[in-house]
Amino acid sequence: MKLRDKVKPTVPPMEAGTYLGVCIGVIGLGEQETTFNGKTRYVEKIKFIFEIPSETIEQDGEQRPRQLSVDFSVARKSTSRMRQFMSGWMGKTLTDDEYLGMEYFDLIGRNAILNVVRSEDNQYANIAAAAPPLRGTAPVTATAEPLRFDVDEWDDAVFEKLPDYLQERIKKSTQYKNRHLPEEEVSVEAANAQAAQDAEEDGPCPF
């Protein structure tokens, strides 16, 4: 018996198919630890979040559009998943200049036809590819507040507004650790010893 056999998603996954969605979030996750073929390294990651107006689910007593997201390792190569996804979404093979010069925050509000597939265990729905909407398709607008965050241009106010799961993901990045964790290693034993020494020097409490 395995734990994953007992722990199921609380929200049933969407059916596989194509859906008209609108980008509502672009999140720079920073350098994340990644293991591939037994090798561990840090890779810059970015997340795109889409709202699917045609698919709703009840949350807090209200019917709200469902959301799906997709993560990419930031890579330049023409064969990279991110570059292929972006070329599909833009409806053209992007040149190096177009791909590298793209302002990703400007994609928030842009519509896309999303190809959604189920995971191997049939428990999750994932975005496999994107394409521009068909000509004549009425555009959809988002109901959720846009999310945009760049870990390299840190903004505490914006970070605090992000959902908890995104905050926790960003906290694993090298950028967050370099910015927020102590520069010198903290020794718990040394801290306890110093506290005991301080207490002795203060002497007993007079009351």
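## The largest pocket

The largest pocket of this predicted model is lined by 28 residues, among which V11, Q59, R66, Q67 and L68 lie nearest its centre; a pocket here is an open set of points on a 1 Å grid over the protein atoms alone, where a 1.4 Å probe fits, with protein on both sides within 12 Å along at least five of seven lines, and lining residues have an atom within 4 Å of a point. About 800 Å³ of space lies in the largest pocket, the volume being that filled by probe spheres set on the points.

Strands β2 (39-59), β3 (62-73) and β5 (125-131) each supply at least two residues of this lining, and β3 gives the most, with 6 residues; strands are DSSP runs of E with at least two residues, and helices are runs of H or I with at least four.

## Aromatic pairs

The count comes to 11 aromatic pairs, where rings of Phe, Tyr and Trp (its six-membered ring) pair if their centres lie within 6.5 Å, with planes under 30 degrees apart counted as stacked, over 60 as edge-to-face and the rest as tilted. The rings of F149 and F159 have centres 5.9 Å apart and planes at 50°, so this pair is tilted. Because F149 lies in strand β6 (residues 147-150) and F159 in helix α4 (residues 156-161), the pair ties together parts that are 10 residues apart in sequence.

Elsewhere, ring pairs link F48, F50, F72, F85, W89 and Y104 into a cluster.

## Basis of the values

Residues are numbered from 1 along each chain as its sequence is written, and side-chain values use heavy atoms, with hydrogens and water left out. In this predicted model, local features need pLDDT of at least 70 and side-chain atom pairs count only at pLDDT 80 or more, whereas totals for chains, interfaces and linings use all residues.
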